[in-house]
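Subject: A structure for you to explore

Hi there,

I am passing on the structure I have been working through, and I hope you enjoy looking around in it. Please open it first, and then read my notes alongside it.

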Amino acid sequence: MEPLTWTGALGPVLTPLMMAAVALFLLALVANWGLSLAGAKSGEIAYENGQAVLVSRSPLDYSMMAMKYAILLFLACCLAYIVAGMAIPDPRTKGIIGTVAGRFAPVWIALLVTFALSIWFKRRLGLYGKLFDSGIGMVGFAIVMFWVFAAIFGGPLDLIVTHDPLNQISGLKNEPPGSVVPNAAEDGYYPYYLLGGDNLARDVFSRMVEGAWEVMKIAPFATLFAFMVGITLGLPAGFYGGRLDTFLSFLANLILAFPVILLFYLLVTPEIVETGIPVYMAAVLFLFPIIFVSVMINSRYYTQPGFRTPVLAVVLVVLGWLYLSLVHQSGTKIDFLPAALSGLDLFDIPGGILVVFVAVMFVNSPTVFRIVRGLTMDIKTRDYVAAAQTRGEGVWYIMLWEILPNARGPLIVDFCLRIGYTTILLGTLGFFGLGLPPESPDWGSTINEGRKLLSIYLHPALPPALSLLSLVLGLNLLADGLREESLRD
Amino acid sequence: MGLFFLRRLGVMILTALCLTFIVFFLTNLYPNLEKLAKTQGNMRMTDAEVTQWLDNRGYLQPMPVKYAQWLGVAPGWTREFQQDGQTVVTGRCLDGAVPAAEAAEAPRFCGILQGDWGYSTVFRDSVASIIGTRLGLTGYLMFWVMLLMVPSALLLGVLAGMREGSRTDRTLSTFAITTTATPEYVSGVILIAVFASSAVGLRWFKGTATAAMENPNFENFFLPVLTIALYGMGYIARMTRASMAEVMTAQYIRTARLKGVSFPNIVMKHALRNALIAPFTVIMLQFPWLLNGVVIVETLFNYKGFGWTLVQAAGNNDIELLLAVSVVSVIVVLVTQLISDIGYVYLNPRISVT
Amino acid sequence: MTHPTINGKPVHPAARMYAREFREGKLSRREFLARATSLGVTAAGAYALGGLAQPARATEGARDGGTLRVQMEVRALKDPRTADWSQIANIYRGWLDYLVEYQADGSFKPMLLESWEINEDATEYRLQVRQGVTWNNGDAFTAEDVAHNIRRWCERDVEANSMAARVASLIDDETGLAREGAIEVTGDHELILRPSVPDITLIAGFADYPAAVVHPSYNGENPVDVPIGTGPYLPESHEVGIRSVLVRNPDHSWWGTEVYGGPHLDRIEYIDFGTDPASWLAAAESEEVDMLYESVGEFIEILDAIGWTKSEAVTANTIVIRPNQVAEVEGMRPYEDARVRRALAMAVDNSVCLELGYSGLGTVAENHHVCPIHPEYADIGPAPYDPEGAMALMEEAGMADYEHELVSIDDDWRKNTTDAVAAQLRDAGMNVRRTVLPGSTFWNDWTKFPFSSTNWNMRPLGVQVLALAYRSGEAWNECGYANPEFDSKLAEALSIADADQRREVMAEIEQLLRDDGVIIQPYWRSIYRHYTDQVVGADMHPTFEIHAYKLGLAA
């Protein structure tokens with residue numbers, strides 16, 4: 001069998017078109033620059049029915065138009081690859097690009113559905129709906145959701161990946177993209193390594209997709225938990241001020257004064273894991289979500305004990321159980337459940353992941369604390385807070401149901417940025433060989449692995465690097481879009 | 001004003017004390033001490049030998065006592081040995097084994113307060129001299145990073161914020177976001193591959209900065225500087241852009257425009273000073289954050305500065321060196337915070353420190 | 001040289017026998033040279049005996065003077081006899097000499113010993129100390145100095161003294177010191193050693209890197225602080241992790257200049273570029289070094305491509321993936337059962353490990369740690385590979401569901417090889433969790449990990465490694481292997497001077513190691529080093545030694 005080419009049979013048609021689009025774009029861009037430097041103005045604008053309409057076009061406008069159509073042409077070609085990838089069955093016809101695009105079919109469909117539904121109902125969806133008014137926001141959202149769907153379909157649902165991310169196939173070490181898997185039919189393998197093999201002859205494409213799942217498993221949740229901790233402590237600090245504030249702020253500044261890397265080196269090494277400190281930290285930090293949720297419910301419904309008590313009980317039992325399963329790890333320092341009750345232990349988080357999770361959470365929460373504290377101090381002077389106070393609402397009600405919802409805009413924006421930052425941090429850990437197990441396909445570790453041979457083999461390191469880059473970029477764009485839209489309120 | 005400084009100084013000292021105690025606590029946990037004994041003694045020591053080794057070097061005293069000794073508020077430990085028929089003494093304040101008479105004359109206290117930063121077990125040298133040299137090298141690196149990063153970030157931000165929403169703005173903002181989305185370990189790697197490896201073949205620069213420690217030049221120093229600067233640049237640029245955009249919508253700018261002041265003049269004379277207040281604080285607060293980048297880049301480029309020392313000290317559980325590293329970083333963080341506060345006041349006459 | 005032996009005495013009968021075997025093709029060139037020279041035949045004599053052409057001296061064409069920059073990890077120095085890294089020895093090799101020197105071609109070159117003579121059953125060594133050697137502080141070098149050093153090596157109770165294992169036959173078991181009468185100084189420049197049992201490994205042991213000869217006044221301090229030695233260089237500076245500089249000692253005339261030529265360089269700088277081979281490559285590409293300590297994996301190709309000279313040494317260096325039989329995991333000893341260990345070994349195809357772990361730059365090994373280049377190697381066939389049988393065996397031992405934690409250091413080839421083993425074990429149906437530790441952490445506990453990989457450097461004789469690594473209770477016995485049968489067979493092998501006779505015992509020993517599933521030992525590495533075309537005398541050495549006096553820059 002022949003190795004796959006990048007573009008397959010589509011190449012002769014689509015490649016020239018795409019090249020032409022790029023050339024046209026560049027040409028128009030240069031022309032545009034030249035013209036504006038030369039002082040050309042755009043054509044006359046007339047107003048008809050309150051709308052601006054160009055009546056005569058100047059060369060500058062033509063260059064703009066050319067750029068627009070070039071981009072559209074390029075996008076159309078990309079779309080053609082995706083559609084062809086889904087429609088044509090034979091990888092040899094559609095090439096690597098088409099095949100990869102085709103493997104992502106579930107993601108495209110999910111994206112399409114999400115966007116169609118969201119735009120259809122956008123007026124009813126609040127801030128989320130407004131996102132679809134902002135171009136930047138939509139692009140960011142599309143990139144982020146692409147990776148979210150890729151992670152979900154590729155990880156637990158096992159749809160996109162072509163090979164097991166840890167499986168090594170002899171003969172494919174550092175082979176270029178599109179390489180044929182020897183004896184694939186007999187061994188029941190997918191017949192190609194779409195993006196080539198890495199230094200240990202594992203499939204780069206599958207590792208990239210699995211890596212998305214690894215990142216999605218940790219980054220958003222660690223950030224979410226950090227937010228819970230930050231909010232639970234930041235609200236009272238900002239609301240009450242005084243000693244409590246001084247003390248908590250001091251603690252937050254203390255953690256922030258640590259260089260992050262030093263903190264990681266102090267927390268994530270095997271020696272410290274041996275002492276059980278990270279497990280204890282997990283035990284403490286994971287308490288915060290429970291406190292957060294129960295206080296939230298309690299403060300809202302404490303006037304209706306008949307409703308509150310059962311709800312609170314159910315929530316506490318469920319969360320408590322989850323908490324115990326999470327914290328209890330047989331064989332570590334926190335191993336309190338008797339063997340007879342071990343059935344209660346729903347799941348065990350592998351030690352390496354737990355440590356990383358806790359460390360990342362620990363590093364992020366003081367910053368969140370500071371933001372929440374600042375916002376609370378600002379919002380608590382507002383009239384509606386005073387109104388709630390005169391109504392005789394409890395302080396926690398005011399904090400959680402009056403102040404917090406009004407601080408959501410900046411918090412959501414920061415949340416998006418912080419997921420990106422956490423993703424980068426995870427990679428940093430991988431770079432120093434701390435934390436996640438080395439075979440883990442997460443992007444940080446794969447980049448670190450691939451960089452060693454980057455000067456001869458680009459293909460193992462580039463896909464995870466570009467993935468990480470695009471996800472963080474997407475999150476940044478999304479945050480930008482959200483910020484713009486929330487400012488418009 | 002004086003009171004303000006005193007309070008800040010008090011907080012700074014308290015923070016440094018707490019932080020060093022945390023580091024002290026974590027590095028003095030038994031598994032870490034065991035690791036220290038094995039890396040310094042040898043890898044094949046039995047448990048009894050490890051205990052012996054640690055005990056002989058004063059590591060097994062109670063934690064608060066050790067910490068007080070490190071601070072210099074408790075007398076350093078001493079141990080007496082019989083060697084060749086006479087009593088010799090080793091101790092925290094003594095250099096190797098000395099006869100008892102000589103030991104009696106040595107100072108009893110030797111900690112930070114006495115100016116003694118201790119001895120690095122990894123580098124076999126005094127901590128003060130290591131920190132001095134390494135900090136100097138990193139300072140040099142940071143100087144060039146700042147020199148490259150700050151002007152280009154400000155320029156980028158001002159250009160983008162000048163006309164918010166314009167194509168220039170979109171292009172420059174995307175560039176800024178992309179650089180912040182590219183962590184050092186990605187950009188550094190790509191830069192080395194493109195500009196320093198023989199595979200791509202450009203070889204404009206050198207992929208290692210080891211020689212730059214003695215003889216820095218454009219060829220061996222530009223890539224590390226660029227790698228750090230790129231990552232930090234985007235953030236400052238975006239802050240500048242936001243602040244510039246805000247200023248450009250202010251009333252007085254509109255008035256100036258209506259008066260017919262030319263656009264360049266508005267930007268240069270009216271908008272810039274006010275737009276630079278916010279970025280100033282950001283730039284100052286970047287210092288501690290850059291420290292991270294420095295660690296990665298120094299490791300990647302083998303530039304043996306402060307960040308590299310941190311990794312070595314942390315990786316080998318070099319207690320006194322790590323403590324010194326944390327003291328220095330606390331000071332850097334807190335001093336930059338202080339400068340940023342003061343600078344904020346200085347640039348913005350509406351606020352005063354009191 | 002007119003005499004075929006280093007002391008002008010008749011050639012040891014065994015040496016003549018080896019020469020015959022070599023010519024008949026029973027021995028490889030390397031084995032022949034190693035054995036003949038360790039019996040006191042000069043290298044030239046050995047070449048003549050074997051009918052070989054004498055190789056040209058590598059340092060010819062070196063100019064006098066110049067600075068050489070070498071990439072090498074710079075570690076903290078310690079008492080030579082306790083040194084645990086070849087890198088440490090390469091630095092003090094500048095001012096400390098050795099009694100004998102192991103050569104890349106497998107022969108032993110007399111250094112501070114002018115010659116030695118071994119009786120037929122290897123129970124008496126007569127050593128002639130080189131005349132006219134002085135220490136760099138002006139003292140004359142005598143047989144008493146040699147005796148002093150050998151006695152130091154015999155001090156078994158000194159922490160981490162790894163020389164004690166090499167000279168075990170000279171040590172009194174009770175006192176842990178040199179046995180009365182084992183070392184006898186018979187003249188200013190002559191001494192006699194009397195091992196308690198026939199011991200063929202002493203000369204090889206004297207060539208090992210911790211065996212640097214120190215001045216009698218040396219008391220275990222950092223060698224850099226008291227650089228008294230017989231060698232031609234002096235340390236100028238030594239900064240751990242950064243660099244170490246040797247400079248020619250202008251006030252000392254080195255004995256070797258007349259005998260072997262050299263030293264050529266004025267200055268040798270060892271610069272530390274960390275443990276990541278990518279940064280070594282970066283250093284090479286940026287022309288910041290002239291020579292690498294070692295080139296590994298894919299980087300070998302790249303370095304070839306940038307035009308550096310490659311030097312290869314075929315070695316018995318290897319990697320061993322071993323379960324620790326006495327390690328306890330959660331209250332049980334998972335690897336106590338030989339079936340479990342055998343199952344692990346059977347699930348792994350050694351050639352796959354070689355391909356994925358080391359780019360195929362070596363030869364497949366057979367799970368018994370005796371290399372075909374060792375003189376006593378017995379061919380017992382390739383290691384069995386049978387993943388299904390392995391899983392069946394694992395089930396039989398009741399360990400089918402056990403999750404094995406496989407530990408390795410974080411580097412290039414050791415990690416990759418271990419990853420390849422992990423993947424194959426998984427393929428066979430076993431549960432494997434991989435842990436990779438950074439170098440600074442890994443070595444803390446390397447002997448205690450329940451299941452991990454370690455690299456082993458070569459020793460000239462197969463029995464040497466077996467004695468160091470698999471004898472019951474040895475410091476480096478990381479497998480926790482304790483088998484009296486193995487111990488007694490090994491003792492027997494150690495007393496047989498003739499490799500052919502030894503081979504019969506070795507076959508049994510090898511089979512024993514394999515049956516007990518002691519190790520998975522996938523391959524023997526060839527090792528490589530690259531340097532610029534300006535460097536001469538820097539050939540790769542099988543035990544990574546860098547001989548400062550041979551190095552030079554091309555004229």
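How many residues of chain C are in contact with how many residues of chain B? Before I answer, please keep in mind that this is a predicted model.

**Chain C and chain B**

The contact joins 27 residues of chain C to 26 residues of chain B. On the chain C side, helix 9 (277-285) and helix 15 (439-442) each supply at least two residues. Helix 9 of chain C gives the most to that side, with 4 residues. Sorted by class, the side of chain C that touches chain B has 14 nonpolar, 9 polar and 4 charged residues.

**Chain B and chain A**

Chain B also touches chain A, with 34 residues from chain B and 33 residues from chain A in the contact. Several helices of chain B take part: helix 1 (2-27), helix 2 (30-40), helix 7 (167-181), helix 8 (184-195), helix 12 (277-301), helix 13 (306-315) and helix 14 (319-347) each bring at least two residues to the side that touches chain A. Helix 14 of chain B has the largest share of that side, 6 residues. By class, the side of chain B that touches chain A splits into 23 nonpolar, 10 polar and 1 charged.

**Inside chain B**

The domain assignment divides chain B into domain 1 (1-124) and domain 2 (127-347). Taken over C-alpha atoms, the centres of these two domains of chain B are 37 Å apart. Their contact takes 22 residues from domain 1 of chain B and 19 residues from domain 2 of chain B. On the domain 1 side, the elements giving two or more residues are helix 1, helix 2 and strand 4 (119-120) of chain B.

Residues 141-162 of chain B are 100% helix and 0% strand, with the end C-alpha atoms 31 Å apart. For residues 276-301 of chain B, the span is 96% helix and 0% strand, and the end C-alpha atoms lie 33 Å apart.

**Inside chain C**

Chain C is assigned domain 1 (5-50), domain 2 (98-211) and domain 3 (318-525). Between the centres of domain 1 and domain 2 of chain C, taken over C-alpha atoms, there are 21 Å. Each of these two domains of chain C puts 16 residues into their contact. Helix 2 (29-38) and helix 3 (43-49) of chain C give two or more residues each to the domain 1 side, and helix 2 of chain C has the largest share, 6 residues.

**A helix pair in chain A**

Finally, find helix 19 (residues 443-451) and helix 20 (residues 462-487) of chain A, which pack at an angle of about 140 degrees with their axes 8 Å apart. Because of that angle, helix 19 of chain A counts as oblique to helix 20 of chain A. The crossing of these two helices of chain A is left-handed. Helix 19 of chain A makes the contact through A:Trp443, A:Thr446 and A:Ile447, and helix 20 of chain A through A:Pro464, A:Ala465, A:Ser467 and A:Leu468. By class, the contact between these helices of chain A has 5 nonpolar, 2 polar and no charged residues.

Happy exploring!

Definitions and conventions. Residues numbered from 1 in each chain as written. Chains lettered and ligands numbered in written order. Predicted model: local features only at pLDDT ≥ 70, side-chain atom pairs only at ≥ 80, totals over all residues. Contact = placed C-beta atoms within 7 Å. Nonpolar A, V, L, I, M, F, W, Y, C, P; charged D, E, K, R; others polar. Domains from an automatic or database assignment. Axes fitted to C-alpha atoms, helices over the stretch in contact; angles between N-to-C directions. Parallel < 35°, antiparallel > 145°, perpendicular 65-115°, else oblique. Left-handed = near helix turned anticlockwise from the far one by under 90°.
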